[in-house]
Amino acid sequence: MTVRRKTLLIVAITCLGLVTVLYAASRSLLLGGFIKLEQASARENVQRVLNALDQNLSLMDRFNYNRSASDETHISMSHPTPKFIGSMFGPDGAGTRGTRA
């Protein structure tokens, strides 16, 4: 084996060892930090989505409550009962807080 080939073999083995050591070091030092950052970001995004869904559900419940109350009022107006009239104007006819001007 010539000196040139021995030198090339030594340089190739040294480069391969250096690449292996640098890969192992970067994987252990850097990757752990990036994984933690990514998990924290994912948790934050999931919480943001849950809050948005909760807000949408709350708004739909409020809309449903308001619409069902006005639908019931509309149905009751076509066939008024004493109970309905009392709920609208109060038991003494003076009105309720919502119907007073």
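## The salt bridge

A search through the whole of this predicted model turns up one salt bridge. The partners are Glu-44 and Arg-48, whose closest N and O atoms sit 3.0 Å apart. Side chains of opposite charge can pair when their charged atoms come close.

Next, have a look at the nonpolar side chains. Leu-29, Leu-30, Leu-31, Phe-34, Ile-35 and Leu-37 together make a nonpolar surface patch of about 620 Å².

Leu-29, one of the patch residues, is part of helix 1, which runs over residues 3-78. Is Leu-29 buried or exposed? Leu-29 is exposed, because its relative accessibility is 66% and the cut-off for exposed is over 50%.

## The protein as a whole

Stepping back, the fold is simple to describe: the protein has two helices and zero strands.

How much of the protein counts as buried? The share is 4% of its 101 residues. The accessible surface of the protein amounts to about 9400 Å², and carbon and sulfur atoms account for 65% of that area.

How values were computed. Residues numbered from 1 in each chain as written. Predicted model: local features only at pLDDT ≥ 70, side-chain atom pairs only at ≥ 80, totals over all residues. Heavy atoms only, no water. Patch = residues over 30% accessible without salt bridge, like charges linked within 9 Å, V, L, I, M, F, W, Y side chains within 5 Å. Areas by Shrake-Rupley, 256 points an atom, 1.4 Å probe, with all protein chains shown as cover. Salt bridge = Lys/Arg side-chain N within 4 Å of Asp/Glu carboxyl O. Helix = DSSP H or I, 4+ residues; strand = E, 2+ residues; numbered from the N terminus. Buried < 20%, exposed > 50% of the residue type's maximum accessible area, 1.4 Å probe, protein only.
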